[in-house]
Amino acid sequence: MASISPFLDPGPRTRPDTLALAHLSRDNIQPVYLQDASGAVDGYAEGAVINTRFGSFPHSTLLGKPWGSQIRASVVDTGSRGRKRKLKVDNGIEGEPLSHDADGTTPEATTAKNLKTAPSGFIHILPPTPELWTTSLPHRTQVVYTPDYSYILHRIRARPGMKIIEAGAGSGSFTHASVRAVYNGYPKDAQDTRGKVFSFEFNQERYEKMRKEIEDHRLDGLVHITHRDVYNDGFLIDGESPEAECVFLDLPAPWKALPHLSRNKPTPSQLSSSGLDALDASESEWKSPLRADRTAYLCTFSPCIEQVTKTIDVMRRLGWMEIEMVEVSHKKVIVMREKVGLNMPAGERGMNQTAANVEEAVGKLIEIEGRFKKFHGPSRDADVIMDDDDEAMNDSKPVNGHAKATLSSNGVQDSPTIKPWMAGRLVHRTEPELKTHTSYLVFAVLPQEWTEAQEAAAFENWPCGMESKVIGSLDKAARKQEKRELLQGKKRKKGSNSKSDGNPASKSKIS
């Protein structure tokens, strides 16, 4: 490999021709492939440019920056981009743009030093990670989010050096997370047994896009993606077993792929009882995609409970053990400072425009009543004498507006020495919008393959049936005889104790 993937080692600074993530807001992250272009790109004299609601950001201002840096927007010349390009109609080539502007000059590249800062805003440039990529990737299918795949990788015992089978690559969220989990270096050749992910995708269009992403992210040496229908063709790679120890199935009908994940070829009776078709009988030798000398861990991802029941039924018939279903319910708790008061500015985070105490609530009611009487005042009789409420209305001061607020119970207004980030009461609330979906995770374990030779070797080291004090080595009569001898021994011991206790008493009477 020419260089390592930025998902595994991004380095201290941004580099050209690598993936970076532009962090616009907490829920808005835009992936971008940084380009080090010297000339005009897409009509921009500054080269490649990212356009966001916070302004324009030329790639030249993003290169060579430490990860996590704040990048200010730049003033970008869009004059050449706004002009319509002339077409070479005279030469019979339609649709080919000219390489120069309308005035006959070629746009010159603008370096990062010559760019002027725009007051529109800023972004942060972040290194790509599986967690950030999950929130920013282009959705082609339903995405496996971070709370799900983190728990899945833990349960299937994914660790560096292992090999994982993934069926249903989809958008690639689980693929990037699993690569990081099993990574222990790039393989040097085809016989190098390092950690690797074998991904399978049925849809041709998704397969092509996924293959392109893997190459762009420099993961092609760690991910082997295949376009295949695993229901019928199984999980072998060029006719050979991938020797996988972990399996993740994100399929509409995962039970149809389970017969190909067996140690031995399933019998026709096992498949017929499960409602499955028999496997291809042309295969002379059965090859399991699982590693024979290790326990295999399986997880299926299903959105419906009917899929779960069918999958578990087939698992039991094919010898899978320790079957368990789990539903991950992820909730994020937001902890923040909340400022309460009627005079708090609206629209700001952490501001609650409600009465902080009884005095503020009463003042607000008096103000509302005063406005009501003032509005209906002309319709009243002129001879009516002002009552106490009208006097209170005139004497009252407005609670909202620019008037000074009353002292609040949380000490925000009457404590100018309190720092702004410490003002207000500490509250916590659940995130209103959860980026997840209903999914049922079914986990199962398939024990390692155990041959007759291994059984004989184990019997030689730990012989069974020759133990002297084990219940299984004695028949029923021998066990009864041992019990009688044990009871007789207890009686003799009890009798001897009673005799020894009686002797001192007799001696005392004689004396």
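This is a predicted model: local features need pLDDT of at least 70, side-chain atom pairs count only at pLDDT 80 or more; totals for chains, interfaces and linings use all residues.
Ile71 has Ile123 in strand E6 as its bridge partner. Strand E5, residues 70-74, is joined to E6 by 4 bridges, and the two strands run antiparallel.

E6 covers residues 117-126 and also pairs with strand E1, residues 19-25. This pairing is antiparallel too and extends over 3 bridges. Within it, His23 stands opposite His124 of E6. In a regular strand, side chains alternate between the two faces of the sheet.

## Packing of helices H3 and H4

Two packed helices are described by the angle between their axes and the distance between those axes. For helix H3 (residues 146-155) and helix H4 (residues 173-182), the angle is about 40 degrees and the axes are 10 Å apart. Angles under 35 degrees would count as roughly parallel, and 65 to 115 as roughly perpendicular. H3 and H4 are therefore oblique to each other. The crossing of H3 past H4 is right-handed.

On the H3 side, the contact is made by Tyr149, Ile152 and Leu153. On the H4 side, Ser173, Phe174, Ala177, Ser178 and Ala181 take part. The residues of this contact comprise 6 nonpolar and 2 polar ones, with no charged residue. An α-helix has 3.6 residues a turn, so residues three or four places apart point the same way.

## Burial of H4

How many of the 10 residues of H4 are buried? The count is 9, so H4 is largely enclosed by the rest of the structure. The buried residues are Ser173, Phe174, Thr175, His176, Ala177, Ser178, Val179, Ala181 and Val182. Among them, Ser173, Phe174, Ala177, Ser178 and Ala181 also belong to the contact with H3.

## The loop at Phe202

Phe202 sits in the loop between strand E8 (196-201) and helix H5 (204-216). Is this residue buried or exposed? Phe202 has a relative accessible area of 57%. The cut-off for exposed is over 50%, so Phe202 is exposed.

Leaving aside neighbours within four places in sequence, Phe202 is in contact with His227, Arg228 and Asp229. The C-alpha atom of Phe202 is separated by 9.2 Å from that of Gly170, a residue 32 residues apart from it along the chain.

## The chain as a whole

The secondary structure comes to 12 helices and 16 strands. Of the 511 residues in the chain, 37% are buried. Among contacts between residues at least 6 apart in sequence, 71% join residues at least 24 apart.

How values were computed
Residues are numbered from 1 along each chain as its sequence is written. Side-chain values use heavy atoms; hydrogens and water are left out. Axes are lines fitted to C-alpha atoms, for helices over the stretch in contact, and angles run from 0 to 180 degrees between N-to-C directions. Angles under 35 degrees count as roughly parallel, over 145 as roughly antiparallel, 65 to 115 as roughly perpendicular and the rest as oblique. A crossing is left-handed if the near helix is turned anticlockwise from the far one by less than a right angle, and right-handed if clockwise. Contact means heavy atoms within 4.5 Å. Ala, Val, Leu, Ile, Met, Phe, Trp, Tyr, Cys and Pro count as nonpolar, Asp, Glu, Lys and Arg as charged, and the others, Gly among them, as polar. Two strands pair if DSSP finds at least two bridges between them. Buried means under 20% relative accessible area, exposed over 50%, partly exposed in between (1.4 Å probe, protein chains only).
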